[in-house]
Amino acid sequence: MMCDNTLCVYWTDNVCSLTDIYLDDRGCCQECLWISASDQQLEKMREKTLKAYERRYDRWD
């Protein structure tokens, strides 16, 4: 199943890695396990991702 929740431990390349999932009446996944990260850890991850993104697309200029 496609998944947009990048902070779930089951998320892999926009797809849920579980074979069976259950949705509630609002369509939210009942199996979702959120990754715990501090604001400082999230900031470091964002910076790392942004640098990798910029390196990738700087080659196309």
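Okay, a definition to start: buried means under 20% relative accessible area, exposed means over 50%, and partly exposed is in between, with a 1.4 Å probe and protein chains only. By that scale, N14 counts as partly exposed because its relative accessibility is 38%.

Before going on, some housekeeping. This is a predicted model, where local features need pLDDT of at least 70, side-chain atom pairs count only at pLDDT 80 or more, and totals for chains, interfaces and linings use all residues. Residues are numbered from 1 along each chain as its sequence is written, and side-chain values use heavy atoms, with hydrogens and water left out.

So, the overall picture. The protein chain has one helix and two strands, running β-β-α from the N terminus on. Those are DSSP runs numbered from the N terminus: helices are H or I with at least four residues, strands are E with at least two. Is the chain spread out or compact? It is more spread out than a compact globule, because its radius of gyration is 15 Å, well over the 10 Å that the globule rule gives for 61 residues. That radius is taken over C-alpha atoms, and the rule is 2.2 Å times the number of residues to the power 0.38. The C-alpha trace spans about 45 × 30 × 20 Å along its principal axes, and 7% of the 61 residues count as buried.

One of the buried residues is N5, which counts as such because its relative accessibility is 19%. N5 sits in the segment before β1 (11–12). Which residues is N5 in contact with, leaving aside neighbours within four places in sequence? They are W11, C32 and W34, where contact means heavy atoms within 4.5 Å.

Now back to N14, which lies in the loop between β1 and β2. D13 is found in that loop too, and D13 is exposed, with a relative accessible area of 62%. Have a look at the backbone here: phi is near 50° for D13 and near 65° for N14. Most residues other than glycine have a negative phi.

Last stop, the surface. V9, L33 and I35 form a nonpolar patch with about 250 Å² of accessible area together. Areas come from the Shrake-Rupley method with a 1.4 Å probe, and for residues only the protein chains shown count as cover. Like charges are joined within 9 Å, nonpolar side chains (Val, Leu, Ile, Met, Phe, Trp, Tyr) within 5 Å. L33 is in the loop between β2 (15–16) and α1 (39–58).

Definitions and conventions. Patch = residues over 30% accessible without salt bridge, like charges linked within 9 Å, V, L, I, M, F, W, Y side chains within 5 Å. Salt bridge = Lys/Arg side-chain N within 4 Å of Asp/Glu carboxyl O.
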